[in-house]
Amino acid sequence: MSLELKLDMHRGDFALQLELSLAASGVNAFYGPSGCGKTSVLRTIAGLDRASANRVRFQSTIWQGADTFVPAHRRGALLVSQHSDLFPHLNVRGNLKFAASRASRPSARFALNDVVAHLGLESLLDRPITNLSGGERQRVAIARALCGVPDILLMDEPLAALDQAAKQTLLPYLEQLSRHFDVPIVYVTHSLDEIAQLADYLVVMARGAIAYHGDTAAMLTRLDTPLAQAESAESVVQACVIAHDNAFGLSYLDSPIGRVSLLQRALPVGAEVRLRIAARDVSITLEQQTGSSILNVFPAVVDSMVALSPALTLVRVLAGENPATAVPVVARITSLSASRLALQPGKSVFIQAKSVALF
Ligand SMILES: Nc1ncnc2c1ncn2[C@@H]1O[C@H](COP(=O)(O)OP(=O)(O)OP(=O)(O)O)[C@@H](O)[C@H]1O
């Protein structure tokens with residue numbers, strides 16, 4: 001079950017050449033600078049861009065081959081872009097019902113009521129499209145794509161035109177989308193935040209080609225990349241809420257790096273969440289500190305290191321008691337500290353996370 005791409009297209013000076021096999025599940029994100037070809041990849045999957053040498057196969061169906069070109073409206077690949085083109089003469093309900101009526105097949109999986117509930121649109125159903133905020137319009141656009149019963153959802157910077165507050169409101173709706181509706185998503189973005197929060201698999205592009213790709217947690221912590229070397233670099237760790245401590249106002253989470261404590265959050269026990277740990281908030285010790293105010297201390301083994309400058313060193317560790325389930329975390333520390341601790345790959349250490357944020 002996969003999305004297979006072999007693209008070879010040219011437009012003037014620009015060439016897009018890549019070969020990639022993606023899982024047809026979860027969120028696959030394409031990230032890279034403006035003009036590197038992300039939208040072209042998405043439009044090719046959608047059947048909106050065509051070059052004779054391109055090859056696209058979704059699951060067992062060839063969408064584009066040497067003698068085949070399945071037109072866009074027969075692919076089951078529905079696109080949500082930055083500026084949604086909703087029907088202005090219909091209200092929200094009308095837009096969703098129209099999309100459902102045009103779906104290639106009926107599907108209980110994308111029942112209108114469930115789509116409306118999942119995107120929090122109940123109170124907006126009778127609203128004219130022209131009276132919606134930008135964030136509300138995008139929620140309706142996503143709902144409309146779901147009502148169209150997609151086999152795969154293509155999202156081209158769906159949050160890019162929104163202000164920061166609207167983005168933050170919309171992100172939680174996107175988070176569970178792929179899992180809840182069991183639909184694969186290909187997501188194009190410029191935003192590291194969106195990747196850290198949403199992507200299961202990350203494809204980083206540069207100048208029409210793939211720079212590197214892999215599991216998001218692994219890609220964000222690859223020391224040889226601008227993502228890990230950025231001042232804002234962070235690691236992501238999957239976790240599960242296991243208990244709340246009302247007396248101290250804390251929530252406890254189980255994760256591969258160990259038991260994590262956070263300021264209490266209104267999440268049910270059992271909720272699956274992502275933790276984000278900023279590289280600059282991680283410190284390293286050789287022994288487990290006892291007289292420290294830091295709650296989140298985890299055993300780790302140094303995996304690799306890179307000097308960013310004479311003053312700063314990035315250290316990638318594999319964190320967690322159990323080497324089989326340990327996950328990568330990046331620490332940004334001074335080169336002086338790295339030298340004093342004689343850090344080197346293979347060395348056992350403890351990492352302390354001054355703050356752990358939760359998506
Ligand atoms: N219709 C077109 N005709 C000619 N060149 C095009 C066309 N559409 C895109 N291009 C060029 O193809 C290249 C890739 O564009 P594309 O939109 O795929 O990049 P992108 O990574 O999505 O950029 P952005 O993040 O700015 O949207 C760019 O150099 C662009 O100028």
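User: At what angle do the axes of H4 and helix H5 (residues 164-175) cross?

Analyst: This is a predicted model, where local features need pLDDT of at least 70, side-chain atom pairs count only at pLDDT 80 or more, and totals for chains, interfaces and linings use all residues. Residues are numbered from 1 along each chain as its sequence is written. Axes are lines fitted to C-alpha atoms, for helices over the stretch in contact, and angles run from 0 to 180 degrees between N-to-C directions. The axes of H4 and H5 come within 9 Å, and they cross at roughly 20 degrees.

User: What does that make H4 and H5 relative to each other?

Analyst: Helices (H or I, at least four residues) and strands (E, at least two) are DSSP runs, numbered from the N terminus. Angles under 35 degrees count as roughly parallel, over 145 as roughly antiparallel, 65 to 115 as roughly perpendicular and the rest as oblique. H4 and H5 are therefore roughly parallel.

User: Which hand does the crossing of H4 and H5 have?

Analyst: A crossing is left-handed if the near helix is turned anticlockwise from the far one by less than a right angle, and right-handed if clockwise. For H4 and H5, the crossing is right-handed.

User: How far apart are the axes of helix H2 (residues 92-101) and helix H4 (residues 134-147)?

Analyst: H2 and H4 pack at an angle of about 25 degrees. That makes H2 roughly parallel to H4. Their crossing is right-handed. The axes of H2 and H4 are apart by 7 Å.

User: How confident is the predictor, by the mean pLDDT of the chain?

Analyst: pLDDT is the predictor's confidence in each residue, from 0 to 100. For the complex, the predictor gives an ipTM of 0.93 and a pTM of 0.90. In the chain, 99% of residues reach 70 or more, and the mean pLDDT is 93.

User: Which helix gives the largest share of the shell around the ligand?

Analyst: A residue is near a molecule or strand if its C-beta atom, placed from the backbone, lies within 6 Å of it. Around the ligand are Arg 11, Gly 12, Phe 14, Gly 32, Ser 34, Gly 35, Cys 36, Gly 37, Lys 38, Thr 39 and Ser 40. The largest share, 3 residues, comes from residues 38-46, helix H1.

User: How many residues of that shell are polar?

Analyst: Ala, Val, Leu, Ile, Met, Phe, Trp, Tyr, Cys and Pro count as nonpolar, Asp, Glu, Lys and Arg as charged, and the others, Gly among them, as polar. The shell has 2 nonpolar and 2 charged residues, and the number of polar ones is 7.

User: Why is one side of strand E15 (282-285) and of strand E18 (327-334) left without a neighbour in the sheet?

Analyst: Two strands pair if DSSP finds at least two bridges between them. An open, antiparallel sheet of 5 strands runs E15-E19-E16-E17-E18. E15 and E18 are at its edges, so one side of each lacks a neighbour: each has a single partner strand.

User: Which residue in E19 is the bridge partner of Ser 283?

Analyst: E15 pairs with strand E19 (residues 348-353) over 4 bridges, in the antiparallel sense. Across that pairing, the partner of Ser 283 is Gln 352.
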